[in-house]
Amino acid sequence: GPERLSPHAIIACGDAGNWQMALDILRTTPYAKTNIVNCNSAMNALRKAEQWQHVLELLADMKTARMKPDNKTYREAMNACAGVAHWMMALQFIDELQGVNDGPIWNVNYRFAMEACARAGYSDAALQLLSDMRKQKLEWNSQ
């Protein structure tokens, strides 16, 4: 049905660089904006287009709608933050991920947070994140 079409359409828009259409599909399709897969796909399209402000707005909208962001959601948000050295937001997302129910925090989320800290010149914060990863026995190169 059409509910399965949305993530594919959103992804196709993102791959084509048309983040505005991806966001339009998400916002105008009744079931799309309440589906985590659709939201994550839209965040990916926005991140690829370097629309980090829209990524953060979409994450805030998801929380307002009482959706439960998952590791994929935060991966997109932290990747967007890393690209613009938005280190404080990345650290906040690591804290928020402590309460996510889809397993432990993915190491890629730690890596994006470390990248944001490093780009902003906060090497101490990046080293603390690396220490946190080690305490959780996360591998650098795994999911």
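Modeller: Begin with accessibility: buried means under 20% relative accessible area, exposed over 50%, and partly exposed in between (1.4 Å probe, protein chains only). Arg27 is partly exposed, with a relative accessible area of 38%. This is a predicted model: local features need pLDDT of at least 70, side-chain atom pairs count only at pLDDT 80 or more, and totals for chains, interfaces and linings use all residues. Residues are numbered from 1 along each chain as its sequence is written, and side-chain values use heavy atoms, with hydrogens and water left out.

Biologist: How many salt bridges does the structure hold?

Modeller: A salt bridge is a side-chain nitrogen of Lys or Arg within 4 Å of a carboxyl oxygen of Asp or Glu. The structure holds six. In one of them, Arg27 meets Asp61 at 3.6 Å, N to O. That pair links distant parts of the chain: Arg27 lies in helix H2 (residues 19-28), Asp61 in helix H4 (residues 52-64), 34 residues apart. Helices (H or I, at least four residues) are DSSP runs, numbered from the N terminus. Asp61 is partly exposed, at 40%.

Biologist: What separates Arg119 and Glu115 in helix H7?

Modeller: About one helical turn, because they are four residues apart in that helix (residues 107-119).

Methods:
Helices (H or I, at least four residues) and strands (E, at least two) are DSSP runs, numbered from the N terminus.
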